[in-house]
Every structure is written in C-alpha cells, then in structure tokens.
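Reader: Hi, I'm new to this one and would like a slow walk through it. Could you put it up first?
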Amino acid sequence: MTEWHDAAATDALSDDEVLGLSIAGVPVALFRQEGDFFALHDLCSHGAARLSDGFVENGCVECPLHQGLIDIRSGAPCSAPITEPVRSYPVRVVGDRVEIALDR
C-alpha cells in the first residue's frame, strides 16, 4: 500500500539543491531540478553515504564518499564505481507542499 507523506514546502529548495529528510523512518533525499521535484533513498547503493551530503549538477548527484554519479530523476547509476540503482520515490506537489509516496 502506498502512502503519501508531506515532505517540505515548495520554496524550501532551489534548483540543484538537495534536502535530507526522514519520512516514517526512511531516509529520503529530496531534489529540485528546473522546478520539478525528485526523491531518492538517501543512501548511495555503492558505499552507503548520504546522497543529501552530495553535490548536485546537471541532473546528477555526486556521492560524497567515492564521487560516483547518480541520476536524480531515476536513481540510475551514471558513473563508476556505482553499478546498482538507488530507489526512487514518486513525488507530487499539492498546493505549496511537496509530498513523497512510500510503500508500506
């Protein structure tokens, strides 16, 4: 069952910024790119570093541990040493709030 959770105000992030959250005990990294929002599990699939501590550029977040790149839209690995995708979560905007869907 999917549940939508309030995550942040839409003006809490600017483009190319990331916000680390804990939603129902799940670490989530919320990104904003060209006005759209994206959410990934907030742990790199390679080294378990927090992606919310990474640098965002050109639609990718750089893992702060080994500098591999991950697509913020899909969680797909974009460069070595990352080979496994990071889970992405559905995001929607309701009014001036961003909501993220998590499975229960």
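Author: What follows is a short talk about this model, which is a predicted one.

Reader: Thanks. How many helices and strands does the protein have?
Author: The secondary structure of the protein comes to zero helices and ten strands, and so the order of elements, read from the N terminus, is β-β-β-β-β-β-β-β-β-β.

Reader: And what about the overall size, say the box filled by the C-alpha atoms?
Author: Taken along the principal axes, the C-alpha atoms fill a box of roughly 40 × 30 × 20 Å. The radius of gyration is 13 Å, which agrees with the value near 13 Å that a compact globule of 104 residues would have.

Reader: What share of the residues is buried?
Author: Of the 104 residues in the protein, 38% are buried.

Reader: Switching to the surface, which residues gather in the patch of negative charge?
Author: That patch is formed by Asp16, Glu17, Glu34, Asp36 and Glu57.

Reader: Let's pick Glu34 from those; where is its place?
Author: Glu34 lies in the loop that links strand E3 (26-33) with strand E4 (36-41).

Reader: And why does Glu34 count as exposed?
Author: Because its relative accessibility is 62%, and exposed means over 50%.

Reader: One more, then: where is Asn58 found, and is it buried or exposed?
Author: Asn58 sits in the loop between strand E5 (55-57) and strand E6 (60-62), and it counts as exposed because its relative accessibility is 70%.

Reader: How are Asn58 and Cys44 separated?
Author: They are 14 residues apart along the chain, and their C-alpha atoms are separated by 18 Å.

Key:
Residues are numbered from 1 along each chain as its sequence is written. This is a predicted model: local features need pLDDT of at least 70, side-chain atom pairs count only at pLDDT 80 or more; totals for chains, interfaces and linings use all residues. Side-chain values use heavy atoms; hydrogens and water are left out. Patches are made of residues with over 30% relative accessible area and no salt bridge: like charges are joined within 9 Å, nonpolar side chains (Val, Leu, Ile, Met, Phe, Trp, Tyr) within 5 Å. Accessible areas come from the Shrake-Rupley method with a 1.4 Å probe; for residues, only the protein chains shown count as cover. A salt bridge is a side-chain nitrogen of Lys or Arg within 4 Å of a carboxyl oxygen of Asp or Glu. Lys and Arg count as positive and Asp and Glu as negative; His and the chain ends are not counted. The place of a charge is taken as NZ of Lys, CZ of Arg, CG of Asp or CD of Glu. Helices (H or I, at least four residues) and strands (E, at least two) are DSSP runs, numbered from the N terminus. Buried means under 20% relative accessible area, exposed over 50%, partly exposed in between (1.4 Å probe, protein chains only). The radius of gyration is taken over C-alpha atoms; the globule rule is 2.2 Å times the number of residues to the power 0.38.
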